Amino acid sequence: MSAMRRLFIWFRIPLVLGGVVLFFALYNRFLLDKNLQNLKTSLSVLDSATGVGQAEAALILVDETLVSAMAQEELDLKTVATLQYAQGTLSASDRERTVVDTQVMVSFLAQGLQGSRPAALGAADALVSGMKEAMAGAAFIPRRLGAKQAAQEGALLKLRLGYAHQRNQAPDQAERFYREVLRESSDLKVVKVARELISELEAGRNHRRKAEELKKRLLSLGAGPERQELQSKLGALWIKLYAMDQAAEAFHSAVLADPQGGLTLPSLFQEGWCMKYLGRLEEALQSFQEVIRRDPGGSWGTSAKQQIVEIYKSTGDFAFAVELYEQILKESEDPALAALVAAQAAPAALYDLKDVNKANFFFDQLASRFPASPLSSIKEELSRLETLKSSLTASGIRTLSAGNPLFRWAEKVLPAFIQTFAERLARYMDGARETHLIRRYSEHEFRDIVLRRVQERFQGQIEISGMEITPEGYSGSGTVRLGPFAVPLEGRIEIVVESRRPHVAIDRARIWKIPIPAPLLNLLVERVNRIVDNMKLPIEVIRYEFSEDYVTIEVERVR
């Protein structure tokens, strides 16, 4: 290699790294939806949590996302109500309380936010998520090889301490704890939470500067719409800084600046919410009651009633809370919010009040009155998620049955891999005008020809994080998403030829690192191969041989 070429390579490395850093900076500044990112990270924590006690990291992010949602210039009341419900359930004193309803609610909300983003930004989200995962994983390598891993309890304690400082407006102390988590924890999910919180702290410095500027502008303004608007903006900035007492004062001033103004109802609602956040519940109730008086059946009145429900749930009065849900359902004039009320009331009655009949009443109301709502399927989603959560434990995996949703999913997807590969081969042979083909396929080609297209076919259901070709077959790992639940899988699959048809042979498979019982694997293989035998494939397979990093195939085109 020439000296000039070596010099070019050495210069290219910092240029590429600089480009990556610039891309992250621009993405985080202009493109990233922080709330969506927080919700996705929360879901990754909830996936492995069976009860509230195992979801503390998710509670921190849900709380932060709720704060962010309440600081928007135009409040999305359905988002606020969903996050408030999730925050309330994750704060439950019963540490064994299920999180399935929270997980379903957050999943619906994340899907809605994702669907509202342009396709190009969705692709950027996926790219950045993958890059961050890879970089975070690389950062863990030295710790896994040498250093002792920090205890999970220690990392969560530091997250809680950091967030307590953040809520008490001590950002420097908060950041110190978050950075200790980054240095010490080997739990990727906990590290992701810490990174999100550090990002919010960095944004907070800019919020404080803007708040001081607004305070100066308000000094020269009298009462009226302009003052109301600036006071409302100031209140939103104080919320972002967790200065809830100052935020409540700013929103109160916004109401006084123009009592009949366009921002009066939102400001009253935000004032009440800030009081509730501070634990000043009587003052919060007064503000929410004033909102209800002004807008009894409308969106603001319905949302204020939902906040009152959450106050009673936080005190443990679930019976009265459920009664209020029923009253709201009768009085609300906003169909979307009413559907959300029914969707929240049903699991509250089921999991908090332990009243199955009342829960079924709300489920029935949701199905009959709001059949077009995405939430109308919540009863089925809760049931399916409960089944998955109970089955995907160490004991549950050992007793998996053929009726399990994951088993049924595999019966659909595995034949799709074979069908996709056969169709792509047939298309290639037709283009080359060949009826007989012998060819090697590398890992890269297999990913492009088969994996990518199967992922497109089962959009959002499969995420393959690693795949390699070995003499024993295809080895890989990834995540399967079944509704709101993500299941990590790994295993090795071989393709064997029987009567000139490709058949699947699964050597091993694990869920959550726990082996799937051999009898169940054998049954899955039998069913998948039966499906493959009934397929009309465009090729016949003569040879399918695995080697290191590639596979050699010999096929004939079928007409």
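1. The model is a predicted one. In the model, E468 belongs to strand β2, which covers residues 462-470.

2. **Salt bridges overall.** The model holds 32 salt bridges. A salt bridge here requires a Lys or Arg side-chain nitrogen within 4 Å of a carboxyl oxygen of Asp or Glu.

3. **E180 and R176.** These two side chains form a salt bridge, with N to O at 3.5 Å. Both residues sit in helix α8, residues 171-184. They are four residues apart, about one turn of the helix. An α-helix has 3.6 residues a turn, so residues three or four places apart point the same way. R176 is partly exposed, at 44%.

4. **R293 and E290.** R293 and E290 both lie in α13, residues 281-294. Three residues separate them, about one turn. Their closest N and O atoms are 2.7 Å apart, in a salt bridge. R293 is exposed, with a relative accessible area of 58%.

5. **D507 and R492.** This salt bridge has an N to O distance of 2.2 Å. D507 lies in strand β5 (residues 501-511) and R492 in strand β4 (residues 485-498), so the bridge ties together parts 15 residues apart in sequence. D507 is partly exposed, at 47% relative accessible area. R492 is buried, at 18%.

6. **Helix α4.** This helix runs over residues 77-90 and has 14 residues. From first C-alpha to last it reaches 20 Å, close to the 20 Å expected at 1.5 Å a residue. Twelve of the 14 residues are buried, so α4 is largely enclosed by the rest of the structure. Among the buried residues are L77, V80, L83, Y85 and L90. The buried set also includes T79, T82, Q84, Q87 and T89.

7. **Helix α3.** Residues 56-70 make up α3, 15 residues in total. Its end C-alpha atoms are 21 Å apart, which agrees with the 21 Å that the helix should span at 1.5 Å a residue. Why is α3 described as largely enclosed by the rest of the structure? Because 13 of its 15 residues are buried.

8. **L109 and K78.** L109 is placed in helix α5, residues 100-115. At 11% relative accessibility, L109 is buried. Its C-alpha is 8.9 Å from that of K78. In sequence, L109 and K78 are 31 residues apart.

9. **H252 and Q270.** H252 is in helix α11, residues 244-257. Its relative accessible area of 38% makes H252 partly exposed. H252 and Q270 are 18 residues apart in sequence. Their C-alpha atoms are 9.1 Å apart in space.

10. **K354, a positive phi.** K354 is not a glycine, yet its phi is positive, about 60°. Where does K354 lie? It is in the loop between α16 (335-352) and α17 (356-369). K354 is exposed, with 59% relative accessibility.

11. **R433, a positive phi.** R433 is not a glycine either, and its phi is positive, about 55°. R433 sits in the loop between α20 (405-432) and β1 (436-442). Is R433 buried or exposed? At 80% relative accessibility, R433 counts as exposed.

Notes:
Residues numbered from 1 in each chain as written. Predicted model: local features only at pLDDT ≥ 70, side-chain atom pairs only at ≥ 80, totals over all residues. Heavy atoms only, no water. Helix = DSSP H or I, 4+ residues; strand = E, 2+ residues; numbered from the N terminus. Buried < 20%, exposed > 50% of the residue type's maximum accessible area, 1.4 Å probe, protein only. Expected span 1.5 Å × (residues − 1).
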